[in-house]
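Here's a quick briefing to read alongside the model. Have the structure open and follow the residues as they come up.

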Amino acid sequence: MEQKPSRRVFLSVAAAGTGGLLLTGAGLGPSRTLARDPFTLGIASGDPSKDGVVLWTRLALDPLGLNGRGGMPVRDVDVEWQLATDERFSKVVRRGTATARWKQAHSVHVEVDGLEPGREYFYRFRTEGHLSPTGRTRTAPSAGSAASSSSPLTFAIAACAHYEHGFYTAYRRLAEQEPELVVHLGDYMYEYGPQGYTALGGSVRQHTWGKCATLADYRMRHAQYKSDTDLQAAHAVAPWLVAFDDHEIENNWAGDVSSSGAPAFARRRANAFQAYYENMPLRRTSVPGGASMRVHRRVDWGPLARFHLLDTRQFRDDQACEDGLRSGCDDRLATGRTLLGEDQRRWLLDGLASSGARWNLVGQQILMAQRDSKVGPGTEVNMDSWDGYAAERTRLLTGFRDSGASNPVVLTGDAHMHHAADLRLDFDDPDSPRVAVELVTSSIASDGDGYRDEGRIAETVAENPHISYLDQRRGYIVCRLTPEALQADFRTLDYISRRGAPAKTGARFTVPSGQAALT
């Protein structure tokens, strides 16, 4: 068996870029030279299949250059790429040349195929005299492999990374745990102008000027986020599965409705979607068509798992009762209200019914479990979450039960605090059947330094007995998946307002196969 490189060796090679790697003599020929390093935004991979993966980079001489062009010349640039079975590239198995087109912000998406299933690979790019950092990726196992049916999968869950609110130490700690896959559930970047959304502890750094509206705005904001070296480390360590939430476009948008009444909202969505695709390791199936973009999709991980990634923004009805936390909002209970849209809901339930995987992991953006924020009689719930679409949630959970799918687990972002919860057909009846569990990750940075309010946690759990765990600190989740169980470690950091915080496990839960329960 090939020995896996140590974390220290890999991270040093990935961070060094050209360190220890020759620009010639490794199959990458000579070419003309750009004046500066164009790989300032790092590299990434994503959407692995049993025989392929997407490799990504975006060239930028000056990430915050005017007009969102990253300081690049107004011309296309050829970029060479390599994929190898070792981090020193002594065994290159695929290579080629892609064109970074200036009309696509000099982004590169290479869909590599013909690879071995269940295999670790290393990749890099070169253009005009410059070599990128090295990234690690892997293919999914094949469905028919006897070994893959018992091999565990370690994956991380992350969301919500407001750049101004804190440093990305959580991304760095995530990378250090060397997951095989990262699932990012939205709010990868935020559209606000400087100080447009403030954390209680203030800001530690500042957004580029202006609220994002034009294509140049969104491109520049993505470039600012991608320039962070801790985020780059998390991308370099494993392939990612990504899906947007609201802030990649605008806070709490719903379908074709702007929450702020922004003019020409279709054009703004088209700009945001174009920039999102340019900056994410997505396949051609996600290329935007103007103001629409497909991000709901399935990714199979051999016989062990099927990931169902959802889109909870493009097809939803507007939030009931003018959005926000509301009590006594009967409109939220209307049977005709939809969050997923009929076609996507049917797609999900069909995918669950046809799945032969041991675990069915539903990645989506907003809290699915009911969360009553009011202490005592009555309820107060968030209209932007599934509580604002209660009838469709009941239909969906009933569909989970009736699909016969093995071990559905919902993975969620958005909430800016960790949750572990049971999903019941009737949240007001503690004896109602459990049909799934929900694992909700806290934010990477949004809302700044976290805290742990034991009194408030106790009140919330008392009002919502289906919720087993809450934690308001920043962090992410690391899951270890086997045929027998899913183990979820809720990782937390005590501060992000300065660098260097360690990560620790705030809680650990196990979901035994076949039980739909947290232990």
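The side chain of Arg424 gets to 2.5 Å from the backbone oxygen of Ser432, which is a polar contact (a pair of N or O atoms within 3.5 Å; within protein, one must be able to donate a hydrogen and the other to accept it, and residues adjacent in sequence count only if both atoms are side-chain atoms). Keep in mind that this is a predicted model, where local features need pLDDT of at least 70, side-chain atom pairs count only at pLDDT 80 or more, and totals for chains, interfaces and linings use all residues. Residues are numbered from 1 along each chain as its sequence is written, and side-chain values use heavy atoms, with hydrogens and water left out.

- Arg424 sits in strand β18, residues 418-424; strands (E, at least two residues) and helices (H or I, at least four) are DSSP runs, numbered from the N terminus.
- With 14% relative accessibility, Arg424 counts as buried, where buried means under 20% relative accessible area, exposed over 50%, and partly exposed in between (1.4 Å probe, protein chains only).
- Beyond residues up to four places away in sequence, Arg424 touches several others, including Asp429, Asp431, Arg434 and His466; contact here means heavy atoms within 4.5 Å.
- His466 itself is found in the loop between α9 (454-463) and β20 (467-471), and it's buried at 3% relative accessible area.
- A polar atom of the His466 side chain lies 2.6 Å from the backbone oxygen of Gln370.
- Not counting residues up to four places away in sequence, the residues touched by His466 include Ala369, Gln370, Asp422, Arg424 and Phe427.

**Pro73 and its partners**

- Pro73 is in the loop between β2 (53-58) and β3 (77-84), and is partly exposed at 27% relative accessible area.
- Setting aside neighbours within four places in sequence, Pro73 is in contact with Leu61, Trp102 and His106.
- Pro73 and His106 are 33 residues apart in sequence, but 9.6 Å apart C-alpha to C-alpha.

**Helix α5**

- Helix α5 (residues 229-237) has 8 of its 9 residues buried, so it's largely enclosed by the rest of the structure.
- Among those buried residues are Leu231, Gln232, His235 and Val237.
- At the start of α5, a side-chain oxygen of Asp228 comes to within 2.9 Å of the backbone nitrogen of Asp230.

- Most residues other than glycine have a negative phi.
- Asp187 has a positive phi, near 55°; it's in the loop between β10 (181-184) and α4 (215-226) and is buried, with 0% relative accessible area.
- Ala516 also has a positive phi, near 50°; this residue is in the segment after β23 (503-512) and counts as buried at 18% relative accessibility.

**The whole chain**

- The protein chain has 9 helices and 23 strands.
- Its radius of gyration is 22 Å, close to the 24 Å from the globule rule for 519 residues, so the chain is as compact as a globular protein of that length; the radius is taken over C-alpha atoms, and the rule is 2.2 Å times the number of residues to the power 0.38.
- Of the 519 residues, 61% are buried.
- The C-alpha trace spans about 70 × 55 × 40 Å along its principal axes.
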